[in-house]
Amino acid sequence: IYSNTGYELLADHVATQTGIPFNDYVGEAVFEPLSMTTAIAVGSAAKDFRGALPDMVSLARELLSPRLIAQSTATAATTPQFPELSGVLPGVGRFDPNPWGLGPEIRGGKHPHWTGTNNSPTTFGHFGGSGTFLWVDPVRSIACVAVAKRDFTAWGMTFWPAFSDAVLAEYPPATSGPVDT
């Protein structure tokens with residue numbers, strides 16, 4: 001299951017190791033280098049980040065083609081860590097297995113899922129209670145972001161997969177390199 005506590009423990013670890021409060025660290029190490037001018041971390045590392053759509057797009061581009069971290073680190077973060085572990089994807093349901101990377105949720109074979117039916121099993125990402133999501137499909141070499149101010153409920157599972165499939169239909173599989181729109 002997704003764990004707010006896990007993200008908060010990670011933030012505490014980063015702060016201890018760097019000597020910099022986590023929210024300041026994220027600003028200096030992520031927001032500034034990616035020119036995310038509206039992004040802020042205002043509380044819990046698990047849920048209290050804010051930013052406008054252009055900043056989410058900058059983050060999506062970074063996740064699609066990492067520059068701030070080594071490719072090996074990005075691969076480890078987006079590869080299932082306990083691939084056969086079952087669990088709950090909040091707001092969606094129980095899955096066996098329920099793959100997660102080191103933070104991101106991984107689509108795997110979950111059905112139903114909040115990404116599109118045409119997303120690859122290696123698609124990874126995150127969605128929040130505010131109705132916002134970001135996914136990256138490394139096989140298709142595309143990322144998608146949706147920003148909302150409507151709390152995630154059943155509407156997300158109705159509209160997000162169809163929206164994601166429409167995006168994927170608009171951008172056929174890339175022959176090389178990420179799609180930049």
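Helices (H or I, at least four residues) and strands (E, at least two) are DSSP runs, numbered from the N terminus. The model shown here is predicted, so local features need pLDDT of at least 70, side-chain atom pairs count only at pLDDT 80 or more, and totals for chains, interfaces and linings use all residues. Residue numbers start from 1 along each chain as its sequence is written, and side-chain values use heavy atoms, with hydrogens and water left out.

**View 1. The open sheet has four strands in the order 5-6-7-8, with antiparallel pairing.** Strand 5 (105–106) and strand 8 (142–146) are the edges: each has a single partner strand, so one side of each is left without a neighbour in the sheet. Helix 3 (residues 53–64) packs on this sheet, where it touches strand 6, strand 7 (133–137) and strand 8. Contact here means heavy atoms within 4.5 Å. The direction of helix 3 makes about 25° with that of strand 7; axes are lines fitted to C-alpha atoms, for helices over the stretch in contact, and angles run from 0 to 180 degrees between N-to-C directions.

View 2. Two strands count as paired if DSSP finds at least two bridges between them. Strand 5 meets strand 6 (residues 124–127) in the antiparallel sense over two bridges, and I106 has F124 as its bridge partner in strand 6. Between strand 6 and strand 7 there are four bridges, again antiparallel, with F127 partnered by F133 in strand 7. These two strands form a hairpin with five residues between them, and G131 in the turn has a positive phi of about 90°. Strand 7 then pairs with strand 8 over five bridges in the antiparallel sense, and the bridge partner of V136 is A143 in strand 8.

**View 3. Strand 7 is covered on both faces.** How many of its residues are buried? Five of the five are, so strand 7 is largely enclosed by the rest of the structure. Buried means under 20% relative accessible area, exposed over 50%, and partly exposed in between (1.4 Å probe, protein chains only). F133, W135 and D137 lie on one side of the strand, with L134 and V136 on the other.

**View 4. The turn between strand 7 and strand 8 holds S141.** These strands form a hairpin with four residues between them. S141 has a positive phi of about 60° although it is not a glycine. The residue is buried, with a relative accessible area of 13%.

**View 5. H113 sits in the loop between strand 5 and strand 6.** Is H113 buried or exposed? H113 is buried, with a relative accessible area of 4%. Its side chain makes polar contacts with the side chain of E105 (2.8 Å) and with that of T115 (2.8 Å). A polar contact is a pair of N or O atoms within 3.5 Å; within protein, one must be able to donate a hydrogen and the other to accept it, and residues adjacent in sequence count only if both atoms are side-chain atoms. Leaving aside neighbours within four places in sequence, H113 is in contact with L89, E105, R107, M157 and P161.

**View 6. Helix 2 (residues 22–31) has F22, V26, G27 and F31 buried.** They cover an arc of only 145° around the axis, which puts them on the same side of helix 2; the arc is that of the directions from the helix axis to the C-beta atoms. The buried residues of helix 2 pack against helix 1 (4–18), strand 1 (40–41) and strand 2 (49–50). In the loop between helix 2 and strand 1 you will find S35, whose phi is near 55°, a positive value in a residue other than glycine. S35 is exposed, with a relative accessible area of 53%.
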